[in-house]
Amino acid sequence: MDILKKINDILNYIRIILLVIILSLCILMCVVNIVLRYLIQGVSFLRPFPWVNELMQMGAIWIAFLAAGLGVRENSHISLESFVARFFPSKVAIVVRKAAQLIVLLTLALLIVVGIRVTIKQSSSFLQNLPVSNAWFYAAIPVGCFYLFYDYLLIFIFGKHPFTKDADENTRINNAF
């Protein structure tokens, strides 16, 4: 479990660092473009950058796919838990949950494989205003789905994510008594 915790900490650290960097760059690019567009007028060589919109779209896609895994990790996504608990006996509810998690895992595995293929195909296509490959847009799909797959796999194996804040706090409380 200690090795799994270390792997989880490394993966989560990379994900959070990527999110912070991408979000910070998006905010910075947006602010610079707003200043250039509205506050500095009449200076011919200081114009808004035409490529900012493309990079902000790419950033938004990366943020969505990377942050989705954090939502799974912290159990923040909408689920049908109350529906399953209300209409199914507890043993059947467990089977339904496991079946749903298995379907999600299979779907994510498929998205990872297809995402890698599409990313490779798009590597020779470039953005309109920058010499940056469109593969960077599509790479968010397999990377984000890998993180989702990892988090759902932990939930599938352990019943809930073993490394959430709640799990750490519950462990500390149980060890205190």
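## Helix packing and a few buried polar spots

In this predicted model, helices α2 and α6 lie roughly parallel to each other, since an angle under 35 degrees counts as such. The angle between α2 (residues 52–73) and α6 (residues 140–158) is about 0°, and their axes sit 8 Å apart. On the α2 side, the contact is made by Ile61, Trp62, Phe65, Leu66, Ala68, Gly69, Val72 and Arg73. From α6 come Ala140, Ile141, Val143, Gly144, Cys145, Tyr147, Leu148, Asp151, Tyr152 and Ile155. Sort the residues of this contact by type and you get 14 nonpolar, two polar and two charged.

Now for α2 itself. Its buried residues are Val52, Glu54, Met58, Gly59, Trp62, Leu66, Ala68, Gly69, Gly71, Val72 and Arg73. They pack against α1, α5 (135–138) and α6. After the helix comes Asn75, with a positive phi near 55°.

Helix α4 (residues 90–121) has its own buried set: Ala93, Gln101, Leu105, Leu108, Ile112, Gly115 and Thr119. These pack against α3 (81–87), α5 and α6. As a bit of background, residues three or four places apart point the same way, because an α-helix has 3.6 residues a turn.

| Helix | Residues | Expected span | Distance between end C-alpha atoms |
|---|---|---|---|
| α2 | 22 residues | 32 Å | 31 Å |

Setting aside neighbours within four places in sequence, Arg15 is in contact with Leu66, Gly69, Leu70, Arg73, Tyr147 and Asp151. Several of those names have come up already: Leu66, Gly69 and Arg73 of α2 and Tyr147 and Asp151 of α6 also take part in the contact between those helices.

Finally, there's Ser133, in the loop between α4 and α5. Ser133 is buried too, with a relative accessible area of 12%.

Note on methods
Residues numbered from 1 in each chain as written. Predicted model: local features only at pLDDT ≥ 70, side-chain atom pairs only at ≥ 80, totals over all residues. Heavy atoms only, no water. Axes fitted to C-alpha atoms, helices over the stretch in contact; angles between N-to-C directions. Helix = DSSP H or I, 4+ residues; strand = E, 2+ residues; numbered from the N terminus. Parallel < 35°, antiparallel > 145°, perpendicular 65-115°, else oblique. Contact = heavy atoms within 4.5 Å. Nonpolar A, V, L, I, M, F, W, Y, C, P; charged D, E, K, R; others polar. Expected span 1.5 Å × (residues − 1). Buried < 20%, exposed > 50% of the residue type's maximum accessible area, 1.4 Å probe, protein only.
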